[in-house]
Amino acid sequence: MHTPIINHIILLLPFLFITNTCFSASDDFIKTSCGVTRYPELCYQTLSSYANTIQDDPLQLANAALNVTLKSAKSTSENVLKMLKAHNMPKEAGAIKDCVQNMKDSVDELQESLMMMRDLDGPDFEMKMSNIQTWVSAALTDEDTCMDGFQGSGVNGKVRDTIRKFIEKVAQLTSNALALINKIA
């Protein structure tokens, strides 16, 4: 009675071993690749769940990093916009409005990068990669610029700290994505 179950398990063992070996190789590739980034632990943490898609392909790794970054940038943009609607303090409102615009620009630049990543074939590879690097760098600059309006006295510390927490994570993800893109450029 247990023989058919045991037979199925025995038949599945090689498959499980191969799957585990492939995952392990992909996992190692991601971990090693993340070593070139400024935030390797965050890189590995956010990309390891894409191991089956990435396998050992640097282009897939860069695509996954850009997708994770774009998702975070969109979420950050939404959160900053909510803060704008929630605060009626004039000094914070101006800084938050500027930040909302910077984050919209960052999202646009990351989306442009992802679209260009889908079309890297052909003789214009170097030019396309250069454009991608420029857009991702610009997104990182926009994220940094968002925080500029919150420097100095008179800005509510809680507002500043909350926005800084949002922006820091997306800036770290953007930095990591740029490092992975630079590696394949």
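Which residues line the largest cavity? In this predicted model, the lining consists of Cys43, Thr46, Leu47, Ala65, Val68, Thr69, Leu173, Asn176 and Ala177. Before looking at that space, take in the whole protein.

**The overall picture**

The protein has 7 helices and 0 strands. Along the sequence, the pattern reads α-α-α-α-α-α-α. The chain holds 185 residues, and 41% of them count as buried.

**Helix H2 and its two sides**

Helix H2 runs over residues 40-47, and here Leu42, Cys43, Thr46 and Leu47 are buried. These four lie on the same side of H2 because they cover an arc of only 110 degrees around the axis. On the other side of H2, Glu41 and Gln45 are exposed.

| Side of H2 | Residues | State |
|---|---|---|
| One side | Leu42, Cys43, Thr46, Leu47 | buried |
| Other side | Glu41, Gln45 | exposed |

**The cavity**

The largest cavity contains about 40 Å³ of space.

Which helices each supply at least two residues of its lining? They are H2, helix H4 (58-86) and helix H7 (157-184). Cys43, Thr46 and Leu47 are buried in H2, and these residues also belong to the lining. By type, the lining has 6 nonpolar residues, 3 polar ones and no charged ones.

Conventions. Residues numbered from 1 in each chain as written. Predicted model: local features only at pLDDT ≥ 70, side-chain atom pairs only at ≥ 80, totals over all residues. Heavy atoms only, no water. Buried < 20%, exposed > 50% of the residue type's maximum accessible area, 1.4 Å probe, protein only. Arc of directions from axis to C-beta. 1 Å grid on protein atoms, 1.4 Å probe; cavity = no way out; pocket = protein on both sides within 12 Å on 5 of 7 lines; lining within 4 Å. Points joined across faces, edges and corners; volume = space filled by probe spheres on them. Nonpolar A, V, L, I, M, F, W, Y, C, P; charged D, E, K, R; others polar.
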